[in-house]
Amino acid sequence: MDIQFNNLKQEKSAIGIIFCDHNCRLIGYGKKLDQLSKKHLSNTINADDSFNARKSKNFDYLIVHNPQNLTLSKLYIFKLRNIKNAANRDFQILGGNLLSLIKFYKENNIIIYPDGVSASKLSFVNSTSELLLGFLLASYKFTKYFSKRDAKAISKKTKIKIYSSQFSRLEKNYETVKAIHEGVTMTRNLVTEPPNVMTPPELAKNAASLEKIGVKVTIFGEKEMTKLGMGSLLSVGRGSEHESKLVIMEWKGHKNKKKKPIAFIGKGVSFDTGGVSLKPAGGMEEMKYDMGGSGVVIGLMKTLALRKAKANVIGVVGLVENHIGNMATRPSDVVKSYSGQTIEVLNTDAEGRLVLADALWYTQEKYKPELMVDLATLTGAIIIAIGNEYAGLFSNNDKLSKQLEDAGKIEDEKLWRFPLHDKFDKMINSPIADMQNISSGRGAGSITAAQFLQRFVNKVPWAHLDIAGTTWSKTNLPTSPKGATAFGVKLLNKFVSKYHEGK
Ligand code: BES
Ligand code: ZN
Ligand code: ZN
């Protein structure tokens, strides 16, 4: 899909999209086109009682074929809801709606006249940029493994033109929109790829591809990690033929290159069979998305580098396959983590925390970050607790929690905070080692998992996002077709831009 910007123009055989407000009054360039067509457009609207009567539905439009005195072949008049209070996400959803419209009618030469979409508290450039982002995000389709071309996918040849009185400002802002789109797309691709393809070494290779855009990438294999003593992370990959990796991505965008970085850490289990504590067959296929946390961190680093974020950011991903095999870790094995603390592995299916334990400790020790945020499809229990609309938030710091919650609200990637407490911490004490990897009690499974992680965090502000319920969607969402959502990329990009840039 190719997007171009210009000022008010028409074109032969293109279709146009204009907007009217919730009272069906044409606004912006829509009004101008109405004047050029000698009121053909407003007359058509006025003649359509049902369009007039329908109350502010999310998605409503009228089609005018061969509008008089215009060269456009067709005009879609899109009826906006009352947008006085509309915020960022509302415009992303509007963009998603427009995408469904052109997909449904198989249009491929489209002019959007966005002037007039700005009657809200957001500036015109911002609201239109959000609209374009939603439009691009909604167009995602993973077609790589279809041997025949997929007729339902938006064609690469689809041309979108944005004709606006402020087109040059829109065009400038479009760089950021593209950066977010490309980061989200990368995450979705990594998560959607099957696990026989997207193995730990392949994930590492994808992370390494960010070198091209200025990210410094360091990759540790099993040899290096053995030397460092990362027995916790390494214990997870022992049953797999694919080598475990730890990848560190560094983006230094702050003017002070020595400023402490902020760090994002991702769980990257390329497939989670459960290991010797084998998962049941039904639903196991879902465990290809158990690398979702690492997918978000890699995609986020891509977005930050592409838009040249003015912040120092570290991304660390622990990449392993949790498989059965003759060398696989057994329930009751004791392993020694990089921090020196020992862990009794009572359930090999509680592997994410074992990966993050070493990744967190390494990040903290090596980079002395200002804060750490980890993302992981960590527990099934978080889905039982809050379903698929919110991700779980666990943190040792109120300010960090508030900032993350705020960014999540803006991007509609919502977080809900859960408690941490010494009483929960005690539930992972082991009779034979410093801790065990599952709780000895029943209940609070997501919290005790977070308590486990906290044992690998010192005083540094830290937050853990349990994204098990939000990484994959079984239904189409307004700007995310069913499948990999990339939940977290937009949220953390907003978190960085709003709270950690340039200061
Ligand atoms: N990867 C799973 C968690 C998960 C479940 C992610 C469903 C996405 C959807 C994790 O490694 C796991 O298996 N956790 C166990 C922990 C238990 C053994 C304490 C779980 O949630 O059952
Ligand atoms: Zn597991
Ligand atoms: Zn897992």
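Modeller: Two salt bridges are counted between domain 1 and domain 2, a salt bridge being a side-chain nitrogen of Lys or Arg within 4 Å of a carboxyl oxygen of Asp or Glu. The side chains of Arg 89 and Asp 412 form a salt bridge, with 3.3 Å from N to O. This is a predicted model, in which local features need pLDDT of at least 70 and side-chain atom pairs count only at pLDDT 80 or more, while totals for chains, interfaces and linings use all residues. Residues are numbered from 1 along each chain as its sequence is written, and side-chain values use heavy atoms, with hydrogens and water left out.

The protein chain is divided into domain 1 (2-167) and domain 2 (180-499), with bounds that come from an automatic or database domain assignment. To their contact (heavy atoms within 4.5 Å), domain 1 gives 15 residues and domain 2 gives 18 residues. Together the two domains bury about 1,500 Å², of which 61% lies on carbon and sulfur atoms; buried area is the accessible area (1.4 Å probe) that two parts lose on being put together, summed over both. Of the area that domain 1 buries against domain 2, Arg 89, Leu 137 and Tyr 140 supply 45%, more than any other three residues.

Definitions and conventions
Chains are lettered from A and ligands numbered from 1 in the order in which they are written.
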